[in-house]
Amino acid sequence: MKTLVLGGTGKTGRKVAQRLQARHADVRIGSRTASPAFDWEDPSTWNGALEGIGQVYISYQPDLASPGALEAVSTFTKIASQTGVKKLVLLSGRGEAEAKQCEQVVMGSGLNWTIIRASFFNQNFSESFIVDSILAGYVMLPVGDVREPFIDTDDIADIAVAALTDEKHNGKLYEVTGSKLLTFREAVEEIAEASGREIVYQEITGDEYEAMLTKYQVPANVISLLKYLFIEVLDGRNEYLSNGVEEALGRKPTDFSTFVKKAVQTGVWNQRE
Ligand SMILES: NC(=O)c1ccc[n+]([C@@H]2O[C@H](COP(=O)([O-])OP(=O)(O)OC[C@H]3O[C@@H](n4cnc5c(N)ncnc54)[C@H](OP(=O)(O)O)[C@@H]3O)[C@@H](O)[C@H]2O)c1
């Protein structure tokens, strides 16, 4: 079965595609720059990307909690079942009511499905929007003492590939987290120590955060999504560990310290010239 990996060059999709290709599986990357192109904002691209596809890894952009996600996932799921897709593996987010609605759509699609409901990624510190702040030596976020069980995208990709290659994961919802709860301050302190850098963590208010992002010309829809994720979702509702990695893979999740050590070796947190 040919697999369409949506977001196939992103933090999770890239690893899912690489792991499938290493098994000589037939893979198509789904993204705006792929050929054929796939754009969540342009449904006219969806049929072309789905042609000849038997299963799909869905990582929605920008986030299942963003406006329009439910409608897009619903329509995409309908088209996928019409074009012959047999299985959907959905990457979802923990503690988000909107993401749960998207999960329900996939679960009710009549297709085989697996849901990976993930906590905040380790790789947000190494590949995403927090990197620039780490490099600048100041991480300012509207998050205080709430603790988060950061998950590694290696673990998510391993589960997605297991689900795409083994029927025993059909009909399973895996709620996945890392193995320990850390505050953002603790996470940044660990990165600072391991990379030998001075990095200040400062908790700021939601208004200060919005003003800072506006100053850096971050689009308004991204600002409201980030505020929702940092202020509403990180209100303590996700301050517990889940055992989805062990359930799916029979092993422990990647430890945050292991992630930090590996990331240091890549030089991602080295000061740029
Ligand atoms: N970050 C977290 O901590 C976290 C936690 C739980 C769940 N999630 C979920 O993870 C999902 C994101 O997955 P990810 O972090 O693996 O992806 P990512 O790294 O944010 O994704 C980038 C990928 O998406 C593609 N892309 C960007 N805009 C697109 C569009 N309009 N249409 C189609 N493709 C587009 C990019 O390629 P092109 O530029 O070529 O289009 C690239 O392949 C979200 O749904 C979010 O809810 C994230």
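Mentor: In this predicted model, 6 strands make up an open sheet with parallel pairing, and their order is E2-E1-E3-E4-E5-E8. The edges are taken by strand E2 (27-30) and strand E8 (172-176); each has a single partner strand, so one side of each is left without a neighbour in the sheet. On average, and with direction ignored, neighbouring strands are turned by 15 degrees against each other.

Within the sheet, consider strand E3 (residues 55-58) and strand E4 (residues 87-93), which are paired in the parallel sense over 4 bridges. Ile-58 has Leu-90 in E4 as its bridge partner. Helix H4 (residues 97-107) packs on the sheet, where it touches E4 and strand E5 (112-118). The direction of H4 makes about 170 degrees with that of E4.

A further helix, H6, lies across strand E1 (3-6), E3, E4, E5 and E8, and it runs at about 170 degrees to E5.

The packing can also be followed through the nonpolar core. The largest such core has 68 residues, and Ile-116 and Ala-160 are those with the most contacts inside it. Helix H6 (residues 153-165) gives the most to this core, with 7 residues. Leaving aside residues up to four places away in sequence, Ile-116 touches Val-89, Leu-91, Ser-92, Ile-156, Ile-159, Ala-160, Tyr-174 and Val-176. In soluble globular proteins, nonpolar side chains tend to be buried together.

Key:
Residues numbered from 1 in each chain as written. Predicted model: local features only at pLDDT ≥ 70, side-chain atom pairs only at ≥ 80, totals over all residues. Core = buried A, V, L, I, M, F, W, Y, C linked by C-beta atoms within 7 Å. Buried ≥ 20, exposed ≤ 12 C-beta atoms within 10 Å, placed from the backbone. Helix = DSSP H or I, 4+ residues; strand = E, 2+ residues; numbered from the N terminus. Contact = placed C-beta atoms within 7 Å. Pairing = 2+ DSSP bridges. Axes fitted to C-alpha atoms, helices over the stretch in contact; angles between N-to-C directions.
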